[in-house]
Amino acid sequence: MGRADPQHSMSFASRVDPALSLQRRAEALAAGLMPLLVRAPLGAQHAGPGLHGRRRTGLGEAFWQFRRYAPGDSARAIDWRRSARGDALFVRETEQESAQTVWLWCDASGSMGYRGTRAEETKHRRARLVLLALALLLRRAGEGVRMLDSPAMSWTQMAQDQDMDKGQADHFPHIDALPRRSILVLATDALQIPDFWADLAHRLHQRGARVVLWRVRDRDEIDFPFSGCLEMNGLEGEGHYVLPSAQDMRAAYGAALATHDARLDAIAHAAHWSLATHVTDQPAADALVALAQILGSRLDPALVPARMGA
């Protein structure tokens, strides 16, 4: 995918009223992106949902090409009908196929219910909004979309407003339902301990999943702008704390967060995940454009059949 005009993104993002229902906001967000879409690449225009040919040899059922038999080829691969036309043996090759359903997961743990002083909504609500808009764009492109923890959930059910901002401390991705070689978008603040992410990366690697880790943060979590006596209540049962001089903790907090994110970045890099970060005081449209670009250019060029021009 190409580049999106930041000023265009900002203009249509500002027209999305936070007071609207989540479904209407997602529809408005996706509709605002549509003027940026131009003619789809030829291969994507003729591709339907489900399994798409990759136009190269690999596992699949669709015929790809004949080629001459070479030492090391299995005798079972020989196409005897084609070979009977001449003096040479020919092997029948099939076209590689890959699943085109995009699986989405939205972290509902307690920390995702946080909203700082500069954000209009919690991290969870922003993540849910952008994922719903992304799902709508993918559906319009003819691709399948599923929620990881609710595979049978319809678009209408996905878009229903639910009071989930309180979060669930034990809400983590359950990947047993994830088909092999799937595309998975994980929306999370990624504040779980690095060992959690290392274990999840290992399990997803075993399933051949292509993963986008979309890190959603609040600006206050990044800058720690607090000063004076600060009362802190854990969102996931951590307890109650009072910092007598919050500003004295700013440097230590920043160093701890940087160390945490560096470890997470290393895990994502080793697992060949795509990694993006969104801060909730920024336009939701920017996050949607970024995710669409990652899905379109880094994971599978045919996935989102449109390019965004400047």
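Buried means under 20% relative accessible area, exposed over 50%, and partly exposed in between, using a 1.4 Å probe and protein chains only.

**Figure 1. The whole protein chain.** This is a predicted model, where local features need pLDDT of at least 70, side-chain atom pairs count only at pLDDT 80 or more, and totals for chains, interfaces and linings use all residues. Residues are numbered from 1 along each chain as its sequence is written, and side-chain values use heavy atoms, without hydrogens and water. Of the 310 residues in the protein chain, 44% are buried. The chain holds ten helices and ten strands. Both are DSSP runs numbered from the N terminus: helices are H or I with at least four residues, strands E with at least two.

**Figure 2. Helix H2 against helix H5.** H2 spans residues 22-33 and H5 spans residues 123-140. Their axes lie 8 Å apart, at an angle of about 55 degrees. Axes are lines fitted to C-alpha atoms, for helices over the stretch in contact, and angles run from 0 to 180 degrees between N-to-C directions. H2 and H5 are therefore oblique to each other. Angles under 35 degrees count as roughly parallel, over 145 as roughly antiparallel, 65 to 115 as roughly perpendicular, and the rest as oblique.

Figure 3. His260 sits in helix H9, residues 250-270. Is His260 buried or exposed? Its relative accessibility is 15%, so His260 counts as buried. Contact means heavy atoms within 4.5 Å. Leaving aside residues up to four places away in sequence, His260 touches Ala190, Leu191, Gln192, Pro194 and Arg217.
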